[in-house]
Each structure stands twice: as C-alpha cells, then as structure tokens.
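Subject: The structure we talked about

Hello,

As promised, I am passing the structure on to you so that you can look through it yourself. Please open it beside this email, and then read on for what turned up.

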Amino acid sequence: MSMNTNSSLPIEYQSEQSRLNILGFWIFIGAEIILFATLFAVYGVLKPRTANGPSGADIFVIKDVVVQTLLLLTSSFTAGLVIYEMRRNRLKGLILWAVITLLLGGGFLYMEINEFIHYVHSGATMQTSAFLSSLFVLLGTHGAHVTLGIGWAILLMMQLAKRKITPVTAGKVHIWALYWHFLDVIWIFIFTFVYLAGVL
Amino acid sequence: MNIKWDKILLGGDPLLVGSQIAIVLTTVGIIAAITYFKKWKWLWNEWLTTVDHKKIGIMYILSAVLMFFRGGVDGLMMKAQTAVPENTFLDAQHYNEVFTTHGVIMILFMAMPMLMGIINLAMPLQIGARDVAFPQLNALSFWLFFSGAMLFNLSFVVGGSPDAGWTSYFPLAGKEFSPGIGNNYYMVALQIAGIGTLASGINFIVTILKMRTKGMTLMKMPMFTWTVLVTSLIIIIAFPIFTVALLLGMMDRLYGTHFFTVEAGGLDMLWANLFWLWGHPEVYIVVLPAFGIYSDIISTFAKKRLYGYTSMVWAVVLISVLSMLVWVHHFFTMGVGPAVNSVFSITTMLIAVPTGIKMFNWLFTMRKGRIEFTTPMLWSLAFIPTFLIGGVTGVMLAMAAADFQYHNTLFLVAHFHYTLIPGVVYAVFAALYYYWPKMFGYKLSEKIGKWHFWLFNIGFNVTFFPMFFLGLNGAVRRAYTYSAESGFSTLFLISAIGSIILAAGFAALVYNIYWSFRYAERNVGNDPWGNGRTLEWSIGSPAPHYNFATLPEVKTIDAFWYMKKEKKGLGLRKSDLKPIHMPSKSWIPVYMGAAFFVFGFMLVFEWHILSIFGGLAVLAGLVFRSFDYNSGYYVPVEEIIETEKWRGEIK
Ligand code: HEM
Ligand SMILES: [Cu+2]
C-alpha cells in the first residue's frame with residue numbers, strides 16, 4: 001500500500017505496488033500451470049478414445065504446425081526485446097518490438113483458426129469423439145489465452161503512448177511479457193505432446 | 001439448443017409460487033426501504049464500492065449467514081420428509097434438488113465465504129498490515145462469490161434447480177440424463193464463484209509473504225495466519241482443477257462435447273477423478289482456517305502460549321500435502337482394484353497423524369491453564385470431542401474393504417457432518433463471537449450466546465448421531481423415503497426432532513445479533529476480552545479504516561501479550577504519526593459481479609448469441625480496470641489523531 005519507490009532496481013520493480021503485482025502474477029502463473037496440466041492430463045486420457053473418428057495422425061498437418069511454432073517462438077524473443085528497450089527507457093523501440101510481437105502472435109492465431117476450420121471441414125468437430133473434444137478444448141484454451149494477450153498488449157500500448165515509461169506502466173508491461181513467455185512454454189508442450197507424439 | 005421463455009418461470013407447485021411471490025415482495029420491500037430512508041448513496045459509497053478488507057469481510061459474513069439460512073432450510077426440509085416413513089411432503093425429484101442445493105450452498109456459499117469473511121477481517125490485522133496486497137481484487141473476489149451465489153439461488157425459482165448431487169456425477173449430470181437447465185446452473189455459477197476464490201488465494205499469499213509488519217518472521221505469525229497461508233496454497237493448486245472440470249462439464253452440456261458422456265469415447269470416471277482432486281483438498285481448505293481460529297482462541301482463553309507452535313505449523317503443512325493424495329477414497333467401490341484402493345486407504349489414514357498432533361497440542365495448551373469459559377471458548381471446547389467422532393468414523397471409512405459396507409449410506413452423511421459442523425461451523429461461530437467487537441465495537445451477548453451454544457450442540461448431536469446407526473443398518477443416502485418395515489422409523493424421527501433443536505440454536509444466534517445490536521454495551525475498548533495476544537487487539541474497536549496509526553514492531557509470537565506485559569510499544573506519539581496512504585474505492589468490482597451474473601445467466605439458458613454480449617460486458621470491465629490509474633489517497637494526521645482519541649491525549 002505504500003508509495004515508496006526505489007530507484008536502484010530495474011524500473012518495473014521500483015514501485016512497491018508493482019513488486020506486489022509481479023509476485024502475485026507469478027503465483028497466478030502457478031495456477032495456470034495447474035490448469036494446463038489438468039487439460040494435458042485430460043487429453044492424455046482421452047487421446048486413444050477416437051470412437052471411430054479420425055485420430056491425430058489422420059488430421060495433423062505438421063508442416064503448418066512447425067510454422068506456427070516458429071511464429072510463436074520468435075514472438076517470445078521479440079517480447080524479450082520489448083523489455084530490453086523498456087529498461088533502456090526507449091519508448092519507440094519498445095512499441096516497435098511490441099507491434100512486431102503482436103503481428104507474430106496474430107499470425108499464429110490466424111493459422112490456428114485456419115487449422116480449426118480445416119478440421120471441421122474434414123469432419124473432425126469437437127462433437128465427433130472424446131479425443132477431438134479434448135484436442136479442441138486444449139488448443140482452444142491456449143488460443144484464447146493468446147487472444148487475450150494480444151488485446152492486453154494493445155491496451156498497454158495505448159497507455160504507454162499517453163503516460164510514457166514509468167515504474168507503473170513498466171510493471172504492467174513486465175507482467176504482460178511474463179504472460180506471453182508463459183504461453184510460449186505451454187505451446188512447446190502442446191507441440192511435443194500433442195502434435196509430435198500424435199504423428200510419430 | 002435454445003431454451004424457450006416459458007421454461008423460465010416454474011409454475012404449478014404452490015411451494016415455488018409462494019417463494020417467487022415472497023422473493024419479489026422482499027426485493028420490492030428492500031428497494032422501497034432504501035429509497036425511503038435515502039440510503040442509496042450511503043450504500044454505494046460505504047459498501048458496494050468499498051475496498052476496505054474489513055467491510056468486505058463483513059459483507060462476506062452477512063451473505064454467508066443468509067446462505068446458512070437457505071441451506072439450513074433445505075436441511076430441515078429433508079429431515080421433515082424423512083421424519084416418518086412413506087412421507088409425501090417432498091417427491092423424489094424435489095428431494096434430489098434439495099440435497100443438491102443444500103450440499104452446494106453449505107460448502108461453497110456458506111462455509112467458504114464465512115471463512116473468507118473471517119480471514120479478510122482478521123488476517124491483515126494479525127500481521128500488522130493496512131490492507132491486503134490487492135484491495136480492488138479483494139472486492140472483486142467478493143462480488144464474484146456474490147454473483148455466483150445469487151445465480152445459483154435463482155435456480156430455485158427460475159428454470160429449475162440442479163438435482164445431481166453436490167458432486168454432480170456424470171453421466172447423471174449430463175444432457176442425456178438431466179436434460180433440463182438445472183445442472184447448467186451448477187456448472188456456471190460455481191465457475192464464477194471459483195474465479196473469485198482463486199483470486200483470494202493469490203491475494204492472501206502475497207499479503208502474508210510481503211506485508212507483515214517489522215519483525216514478524218514467518219515463525220512469529222499467529223497460528224490463524226499460518227493456516228490462511230497454507231489454505232491459500234491449496235486453493236492455488238486445487239481450484240484450477242475444478243475450473244477445468246466445470247469448463248468441460250459445461251462444454252458437454254452446452255456444446256455437445258464428449259468428455260464425460262457414455263458415447264463417442266467419453267469417460268464418466270474422469271469427472272469423478274477431477275471432481276475429487278479438487279473436492280477433497282476443498283474440505284481442508286475450509287477446515288484448516290478453522291483449526292487456526294481454534295488455536296488462537298484456545299491459547300487466548302487458556303491464557304497460555306500455544307503448545308507446540310512449530311509442530312502445529314508442520315502438521316498443517318503435512319495435512320495440506322496429504323489432502324491431495326487421497327481423492328480415490330471417494331470411489332473405493334467403483335472398481336479401481338485392490339492395489340490402488342490400498343494405497344489410498346493408507347494415505348487417508350495417515351491424515352489422522354498430523355490431525356492427532358494438533359488435537360494433543362490443543363489439549364496441552366489448556367493443561368494447567370486458567371481457562372475462561374467465554375462463548376468463543378465453549379465452541380472451541382465442544383469442537384474437540386465432536387470432531388474426534390468425525391475423525392474416528394473417517395478412519396473407519398478409510399478402510400477400503402469395510403467401506404464396501406457403508407459406502408453411500410447415512411453413515412457417511414453422519415461422518416462428514418461430524419467433521420464439517422464442529423470443524424467449520426463451530427469455528428465460524430467461535431470467531432463471530434470473538435471478533436464481533438473488532439467489527440462493530442460491541443460484544444454479542446454472552447448469555448444468549450450460551451443458549452445458542454447449548455441448543456445448537458445438543459440439536460446437532462441428536463440430529464446426526466442416529467444417522468450413524470441408520471447407515472450401519474443399511475439406510476442409503478439421497479433416498480427420499482423408506483418403508484415402515486425397514487425399522488428405520490424411530491431413529492429417523494429422533495434425528496428430525498434433533499434438527500428442530502438445531503434450528504432453534506440458529507434462531508438464538510439471529511436473536512443474539514438483533515439483541516446485541518440494540519442493547520449491548522458500547523465502548524468495549526481495544527482489548528474487549530482482556531486477554532488478547534495478537535496485534536488485532538492493540539487497535540481500536542471497531543478497527544479504524546487504516547488499521548494501524550503507526551505500524552507496530554514485533555519481537556515474539558503473541559506480540560501484543562508481551563507488549564502489555566512489558567508495557568512497551570503500546571502508546572502513540574504525535575511525532576510518529578504520518579499521513580497514511582490508502583486505496584480508493586472503486587465501482588469496477590461490483591460492475592464485474594453484475595456483468596458476470598448476466599453472462600452466467602445467458603450461458604445457463606443457452607442463449608448463445610446473448611451470452612456473447614455478456615462476455616463483452618465482462619471484457620469491458622477488464623478494459624476499464626486496465627485504464628484505471630487511481631493511486632489512492634492520504635489520510636491526514638488530524639484525522640488519525642481524531643480517530644485515536646480513545647487512547648487518551650496523544651502527545
Ligand atoms: C444445519 C443443519 C444441517 C442439517 C439438518 C443437514 C442435513 C442434511 C441431510 C438430511 C442431508 C442428506 C442426507 C441424504 O443423503 O438423504 C445432508 C447432506 C449434505 N450436507 Fe447437510 N445438514 C446440515 C448442515 C450442513 C453443513 C453445515 C454442511 C457443510 C458445511 C453440510 C453439507 C452437506 C453435504 C455436502 C451433503 C451432501 C449432499 C449430497 O448428497 O449431494 N450440511 N445434510
Ligand atoms: Cu475425501
């Protein structure tokens with residue numbers, strides 16, 4: 001609750017409230033890990049239960065998934081550059097890299113939506129089998145997170161344009177970046193345990 | 001699939017029509033009264049938009065008392081129905097709905113918010129903080145709980161109640177076997193309240209880790225605060241599992257997926273596993289803070305330091321770990337095999353070890369103490385033997401082989417009421433009496449409190465003790481009636497009479513609140529019990545909105561006790577006073593509660609297009625919050641001096 005600032009720390013840690021927010025967000029990520037772990041467990045259990053519908057090997061297009069993965073991994077790198085620019089108090093660089101990050105994230109989403117449309121057109125809907133239910137919900141939950149992350153970043157850009165880089169806005173950007181990296185980590189698990197394990 | 005308008009209002013049944021009319025009249029009455037007394041502005045400024053943890057605590061407690069009434073009426077209705085054989089007061093469908101709403105409301109909308117209220121009220125005071133880490137998020141947690149609770153209660157008169165038990169097992173709870181919308185309420189309302197609980201968990205952890213006053217190391221924290229920390233950790237681990245289970249259940253019911261169905265590869269046991277992976281830790285989420293309350297109260301009124309403080313902390317930690325390793329004991333009979341059953345049988349029994357340690361520590365705390373039999377202490381004393389019965393029968397149920405005998409009988413129902421009522425409800429009552437002066441500046445009447453205590457205790461035992469024997473004789477749970485030849489009649493009748501005594505006990509509490517509000521002595525001072533040990537008793541009653549005029553420094557556990565003994569650190573010097581920074585009130589949390597309510601309602605009725613608008617309303621709240629840069633305000637020194645006048649002159 002105090003308004004103390006400590007200027008020997010990186011800018012996002014300077015205000016007391018930001019420090020609390022960042023810790024709180026780490027704990028939230030802990031909860032998110034449990035949430036995704038549960039979804040993975042559900043997927044693992046239901047994966048063989050295809051009920052005469054298609055299995056993963058029948059529908060996955062690995063080439064596209066590799067592109068998706070590259071897009072998201074690159075966006076995680078550029079999100080790191082956002083923080084790099086922020087700590088050097090360079091607003092222009094920050095916004096530039098954030099926009100690139102969002103474009104990459106948007107590209108990822110575009111491909112994911114296409115992937116869903118492709119599945120549905122080939123008769124693999126989430127109502128077809130337990131396997132597909134769990135696939136759609138796992139991917140959909142991740143995709144919804146990415147969508148939120150993009151919307152959130154746009155709001156932050158508007159605030160940065162108005163308020164510049166301050167301990168408060170920097171704290172917000174840092175938290176958003178944590179979230180973005182986290183989504184990337186989840187995707188690596190999806191890539192490995194859903195797609196690779198599905199076609200191998 | 002769209003639900004039509006004529007499905008919304010339930011008609012026909014005189015009980016329902018009566019309630020509908022009563023609800024409409026009460027609502028109109030309340031609105032008229034607030035308007036007549038010109039209280040809208042006050043209500044909005046002082047309560048609906050508040051971010052003060054103490055006021056939020058009071059709102060939690062108030063709502064939980066109302067929910068206790070609703071859940072209690074459900075309990076009484078079941079007892080009335082089974083009082084005599086072949087009774088026709090409730091039919092099978094009604095009985096199903098009543099035990100479902102009873103179970104859900106008691107656990108999620110009574111026990112949880114009651115404890116959330118007490119935590120909100122007491123924990124920041126115990127650690128010498130001026131608020132929680134995220135005051136606005138705290139208000140959001142409350143409004144999400146409230147919105148979930150209202151949505152769930154609406155099911156009684158609008159659209160139909162859920163009827164698949166508080167465990168909502170699939171495939172029974174799925175669309176094929178429960179086509180109405182009742183079980184949609186379960187999936188949606190619990191989700192909304194659950195988000196709030198998760199937020200509270202994060203909030204409390206950060207508060208306890210980061211906002212303790214100077215000198216209060218972890219091992220100098222009051223026991224209650226310790227239990228809150230561990231409970232919050234369990235919340236972080238267990239609630240996301242329930243979030244997923246409810247999401248998948250909702251997908252099955254609303255969008256035709258096949259997670260838990262019996263066709264297309266769905267797996268009904270998946271629900272049972274997910275549910276209990278959350279459900280068993282959940283009962284520890286409610287019981288651990290209660291253990292903390294007892295620890296503080298027993299040491300206060302035995303006037304001794306808590307015996308075995310360190311072992312108490314470790315016991316709580318151990319219980320929290322074990323609580324996540326026992327979930328299969330809820331379905332020993334569903335065919336996972338003897339090997340798995342044995343493992344879970346043993347983990348379950350192991351919980352008795354740390355719990356036993358705690359029991360002995362409480363007893364040793366009282367040994368050679370000069371015990372004062374105040375109402376909070378009476379509840380704590382009664383807890384020990386009654387909870388022991390719950391624990392011993394729990395170990396009986398944990399023996400997998402024997403469980404085949406009493407599984408799904410009233411023996412189980414008696415067991416968990418013997419753990420939940422002494423383990424949670426008694427603690428909540430104890431804490432209400434204990435902290436009432438800190439909330440409102442006057443005590444509840446001790447005399448009426450004793451009536452409350454004795455009626456409730458006797459009523460509770462008379463109600464539930466016979467149910468052990470009914471269960472052993474083969475009376476199954478969730479059965480709406482039985483034949484006279486079964487020989488159950490006498491015990492059921494005794495049990496029903498007990499529940500009337502129990503209800504009288506609750507009525508005594510309500511009367512006590514009314515009586516004390518009117519007549520109890522005011523100006524009870526900062527330490528109304530005379531034996532306060534922890535920091536909350538060092539500040540005025542009711543606690544000022546900034547809590548501590550200056551932040552105290554702590555050297556030992558039971559810091560306030562030693563301050564009194566050494567006469568150090570109690571006074572207030574003018575030169576130490578500085579303006580205090582406080583968070584501003586906000587309309588966003590209550591708006592979010594309303595938005596979630598609308599969103600949830602649309603989902604329940606499967607109006608998919610409208611529910612998109614509900615979702616947008618929720619998102620709009622998030623956007624408002626993101627642009628909210630209000631950084632609070634300062635309480636001026638003059639106001640602090642004015643508020644602290646009760647200490648005498650401040651130099
Ligand atoms: C206030 C007095 C209470 C009475 C008279 C009462 C009575 C009952 C009865 C008769 C049943 C159903 C038995 C059956 O299966 O047919 C029941 C179930 C249950 N009660 Fe209570 N109860 C009370 C308080 C509580 C409290 C305080 C809690 C929790 C904190 C609680 C939690 C439950 C749960 C979880 C169920 C199981 C519901 C289900 O089968 O889905 N009850 N209670
Ligand atoms: Cu259990």
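**What was found**

Ser168(B) is buried, because its relative accessible area is 0% (buried means under 20% relative accessible area, exposed over 50%, and partly exposed in between, with a 1.4 Å probe and protein chains only). Ser168(B) also has a positive phi of about 45° although it is not a glycine, and its place is the loop between α5 and α6 of chain B. Helices here are DSSP runs of H or I with at least four residues, strands are runs of E with at least two, and both are numbered from the N terminus.

Before you go further, some housekeeping. This is a predicted model, in which local features need pLDDT of at least 70 and side-chain atom pairs count only at pLDDT 80 or more, while totals for chains, interfaces and linings use all residues. Residues are numbered from 1 along each chain as its sequence is written, chains are lettered from A and ligands numbered from 1 in the order in which they are written, and side-chain values use heavy atoms, with hydrogens and water left out.

Most residues other than glycine have a negative phi, and most peptide bonds are trans. Asn52(A) has a positive phi, near 65°, and is not a glycine. Asn52(A) sits in the loop between α1 (16-46) and α2 (56-59) of chain A, and it counts as exposed because its relative accessibility is 84%.

There are cis peptide bonds to look at too. The bond from Phe170(B) to Pro171(B) is cis, with omega near 0°, and Pro171(B) is in the loop between α5 (135-154) and α6 of chain B. Ser541(B) and Pro542(B) are also joined by a cis peptide bond, with omega about -10°; Pro542(B) belongs to the loop between α16 (489-519) and α17 (559-566) of chain B.

**The iron atom and ligand 1**

Which protein donors does the iron atom of ligand 1 have? They are His102(B) (NE2) and His417(B) (NE2), lying 2.0 Å from the iron atom. Donors are N, O and S atoms within 2.8 Å of the metal (3.2 Å for Na, K and Ca); water is not among the atoms, so sites may look incomplete. His102(B) lies in helix α4 (residues 92-126) of chain B and His417(B) in helix α14 (residues 410-440) of chain B, so the pair ties together parts that are 315 residues apart in sequence. Both His102(B) and His417(B) are buried.

Ligand 1 is surrounded by 22 residues, and the closest are Tyr95(B), His102(B), Trp166(B), His417(B) and Arg478(B) (a residue is near a molecule or strand if one of its heavy atoms lies within 4 Å of it). A polar side-chain atom of Tyr95(B) is 2.7 Å from an oxygen atom of ligand 1. A polar backbone atom of Trp166(B) lies 2.8 Å from an oxygen atom of ligand 1. For Arg478(B), a backbone N or O atom is 2.6 Å from an oxygen atom of the ligand. α4(B) gives the most to this shell, with seven residues.

**The copper ion**

The copper ion (ligand 2) is coordinated by His280(B) (ND1), His329(B) (NE2) and His330(B) (NE2), at 1.7 to 2.0 Å. Along the chain, these donors follow the spacing H-x48-H-H. His280(B) lies in helix α8 (residues 268-302) of chain B and His330(B) in the loop between α9 (309-323) and α10 (338-350) of chain B, so the pair ties together parts that are 50 residues apart in sequence. With a relative accessibility of 8%, His280(B) counts as buried.

**Helix α7 of chain B, and chain A**

Helix α7 (residues 223-255) of chain B is mostly covered, as 28 of its 33 residues are buried. A kink of about 30° lies in α7(B) at Ala238(B), shortly before the proline Pro240(B); the bend at a residue is the angle between axes fitted to the seven residues ending there and the seven starting there. Just after α7(B), Gly256(B) takes a positive phi of about 70°.

Chain A has six helices and zero strands. Buried residues make up 50% of its 200 residues, and the C-alpha trace of chain A spans about 60 × 30 × 25 Å along its principal axes.

Happy exploring!

Key: Polar contact = N/O pair within 3.5 Å; in protein donor to acceptor, adjacent residues only side chain to side chain.
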